[in-house]
Amino acid sequence: MDLRYTPEQEAFRKEARAWLEAHVPTEPLPSLDTAEGFEAHRQWEHELNAGGWAMVPWPVEYGGRGADLLEWLIFEEEYYRAGAPGRVNQNGIFLLGPTIMEYGTPEQKARYLPKMASSEEVWAQGWSEPNAGSDMAAIQATAALDGDDYVINGQKTWASRGAYADWLFGMFRTDPDSERHHGLTFILVPLDAKGVTVRPIEQLDGEAGFAEVFLDDVRVPVANRLGEPEQGWSVAMATAGFERGLMLRSPARFQNTARKLVGLYRETAATAERIDPCLRDEVARCWMDAEAYALNTYQTVSRLLAGGKIGAEASLNKIFWSELDMKMHETALRLLGARAELLPAAPAASGVGSWLDGFLFALSGPIYAGTNEVQRNIIAERILGLPRR
Amino acid sequence: MEFIFSEDQLLLQRTVREFLDRECTTEHLRSLWGTPTGRSPGFWAKFAEIGVPGLLVPEVHGGLGMDEVDFVLLLEEAGRAALPEPVIDTALVGASLIAASEDPDLCERWLPRVASGEAVVAVGHAVSPFVSDAHIAALLLMQHGDEVHGVDPNDARLTHQPSNDPSRRLFSVVWTPSDASCLARGPEGRALWAAALDRGALGCAAEQLGVADRLIEMAVAYACQRKQFGVAIGSFQAIKHRLADLYTAIELAKSNAYYGAWALEEGNDELPTAACGARISATEAFDLAGTEMIQMHGGVGFTWEYDCHLFYRRSKLLGLALGSASTWREKLVQRLEAAA
């Protein structure tokens with residue numbers, strides 16, 4: 001055990017920091033869940049990719065720099081520290097990308113990964129359906145083999161980034177007689193194909209972060225299948241593992257929020273007549289928990305680098321970060337008190353920041369990437385060995 | 001950056017677990033409650049055969065010269081077995097205080113005896129009004145302001161303070177500080193005690209997490225075995241989700257504890273903050289584990305005969321000795337404020 005960074009890792013950090021300092025936009029980009037913001041974020045991704053920073057752990061030929069997972073964590077720390085924009089193509093680079101790396105053919109890797117790294121193609125998720133949410137094995141959308149094509153019919157919903165994305169990945173029932181998680185196939189679908197209708201869904205925060213996607217006789221070549229036919233469930237579990245476990249929400253995001261929370265506490269304490277000691281304790285607890293999550297992630301990554309696999313413990317991470325995120329934002333709101341509700345345009349809004357927006361977004365954390373109730377079942381059944389029924 | 005235990009460290013952990021499975025069963029613990037010392041004769045000599053008392057003692061003094069990262073998993077095992085012997089005070093805090101004094105006579109006199117299991121050391125921190133196991137100690141390391149004193153138990157008056165945990169043996173110690181007993185003073189003494197307290201807190205955290213591991217195993221086993229409404233109660237989500245939360249809390253607290261052990265080994269300036277994180281999260285994880293475990297066992301969890309209370313009491317009291325979680329949260333806040 002050695003928790004110091006090597007000189008090479010320190011050098012990598014320095015290089016990432018220098019590049020980000022020189023390139024991160026000084027003004028925040030418009031929300032990526034608006035048409036204008038989506039394009040602005042895509043432009044930023046082009047720039048990141050041109051610098052070779054879009055997805056550092058990927059091999060060079062796919063647009064990465066062949067870094068290991070520790071360097072990826074370091075990059076993430078620097079990325080959040082620099083206040084760089086949100087990753088518009090997170091479904092692609094963090095979730096589908098690693099899955100293609102594991103299950104894709106050489107042709108698929110060459111076809112999809114470079115355009116994913118550059119965000120020339122931005123990806124949406126197509127997991128949920130109206131009758132298949134937490135119970136993902138209840139998927140009903142079908143893909144029927146017809147010559148060299150699959151013909152897809154059905155409806156996907158809560159497709160994150162669906163409103164403006166170029167492609168969608170998801171599972172479809174290719175064996176009409178199959179039940180549950182058997183007979184599902186993982187297929188990549190271009191959203192400009194004939195028969196695709198995308199209907200954006202307005203979120204609780206007023207923006208169109210996700211969408212319903214209707215698929216009517218959509219023809220997709222068999223070459224768009226990822227992994228073997230009827231093996232979609234295993235492929236999807238790998239994606240879900242990346243999502244819950246490591247890639248989607250690296251600790252840096254939460255350490256950065258914790259740092260901002262400590263900053264807000266200091267500002268409030270400097271001007272307030274009296275500050276509730278309970279709030280001070282909550283701030284310290286949030287900071288400590290964000291650090292603990294980072295430590296836990298370094299343990300996971302060290303295990304992976306030593307040849308281990310990420311399994312059901314990914315569920316633990318997902319519960320922890322999503323609930324910590326809510327707690328941090330809730331604590332910030334209590335520090336701000338009545339001013340928390342002010343919009344930036346309000347004359348008295350100085351120092352209020354976007355904590356309320358952050359809080360509202362944090363509400364989605366325990367839902368997306370598999371609800372926390374499902375994650376708790378996974379921990380109880382697969383790690384602790386409690387009976388399914 | 002490599003946050004993982006080595007094969008050797010895990011092997012040593014297994015060795016200690018097997019040893020304690022033999023030497024420290026709950027039947028044995030119960031059989032010691034009514035004895036005059038409450039301690040197992042010959043335990044330290046056997047413990048020394050597998051090297052634990054002298055793990056941190058330098059090789060020149062007959063120890064293994066290993067470090068706190070090697071030790072932390074063994075402390076978990078001690079907690080898991082609810083071992084009442086003063087492992088933290090003797091092997092983690094005492095041995096290090098003696099070695100850190102850099103007094104050759106003191107080291108020469110005590111460290112080989114600690115390593116061989118011949119001498120047990122008790123530690124009197126200023127934050128605690130009692131000294132555990134002073135009755136079996138060959139040396140008392142006592143805090144007097146910033147001073148570190150080495151006191152012969154024969155020169156002190158010990159008053160037994162019966163504990164609610166029948167395995168614990170607590171004493172008030174009255175003694176007279178003298179130049180002869182003073183081992184360090186001033187800034188040096190202050191630094192030694194600060195490190196000793198962080199060490200003690202980290203040791204308690206590791207033991208608490210060991211207890212918590214044991215408790216979650218007991219709760220899972222019971223939930224799988226106990227049937228109500230025709231099914232194992234562990235199939236109910238009300239049970240599953242609470243055990244999942246418990247598991248999450250324990251795992252995160254372990255990350256804090258291992259980080260604390262590494263900070264101890266390095267002796268770096270991250271130690272005070274790391275010790276706070278370890279102490280607070282372990283105490284809270286345990287509080288959750290203990291309460292849930294008793295609840296999940298239902299009526300039998302509230303009996304004297306069942307072992308639940310034995311583990312519950314131990315860990316609860318470890319979380320109150322050396323300052324409660326609130327005290328350590330206050331320290332953490334101060335450290336964060338000082339870091340501005």
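1. Two strands are taken to pair if DSSP finds at least two bridges between them, and helices (H or I, at least four residues) and strands (E, at least two) are DSSP runs, numbered from the N terminus. On these terms Thr159(B) stands opposite Ser172(B) in S6(B).

2. Some conventions apply throughout. This is a predicted model, in which local features need pLDDT of at least 70 and side-chain atom pairs count only at pLDDT 80 or more, whereas totals for chains, interfaces and linings use all residues. Residues are numbered from 1 along each chain as its sequence is written, while chains are lettered from A and ligands numbered from 1 in the order in which they are written.

3. The sheet in chain B that holds this residue pair is open and has 3 strands in the order S2-S6-S5, with antiparallel pairing. Its edge strands, each of which pairs on one side only, are S2 (131-132) and S5 (157-162) of chain B. S5(B) is joined by 6 bridges to S6 (residues 169-174) of chain B, and these two strands run antiparallel.

4. Chain A contains 11 helices and 8 strands. Its radius of gyration, taken over C-alpha atoms, is 21 Å, which agrees with the value near 21 Å for a compact globule of 389 residues, the globule rule being 2.2 Å times the number of residues to the power 0.38. Along the principal axes, the C-alpha atoms of chain A fill a box of roughly 75 × 50 × 45 Å.

5. Of the 389 residues of chain A, 46% are buried, a residue being buried if 20 or more other C-beta atoms lie within 10 Å of its own, exposed if 12 or fewer, and partly exposed in between, with C-beta atoms placed from the backbone. Contacts (C-beta atoms, placed from the backbone, within 7 Å) with a separation of 6 or more in chain A come, for 72% of them, from residues 24 or more positions apart.

6. The domain assignment, whose bounds come from an automatic or database source, divides chain A into domain 1 (7-88), domain 2 (123-230) and domain 3 (249-383). The centres of domain 1 and domain 3 of chain A, taken over C-alpha atoms, are separated by 22 Å, and 9 residues of domain 1 are in contact with 8 residues of domain 3. On the domain 1 side of that contact there are 5 nonpolar, no polar and 4 charged residues, where Ala, Val, Leu, Ile, Met, Phe, Trp, Tyr, Cys and Pro count as nonpolar, Asp, Glu, Lys and Arg as charged, and the others, Gly among them, as polar.

7. Just after H3(A), Gly83(A) has a positive phi of about 65°.

8. Between the chains, 34 residues of chain B are in contact with 37 residues of chain A. H8(B) gives the largest share of the chain B side, 13 residues, and by class that side has 21 nonpolar, 9 polar and 4 charged residues. Of the 30 residues of H8(B), 25 are buried, so this helix is largely enclosed by the rest of the structure.

How values were computed: Two residues are in contact if their C-beta atoms, placed from the backbone, lie within 7 Å.
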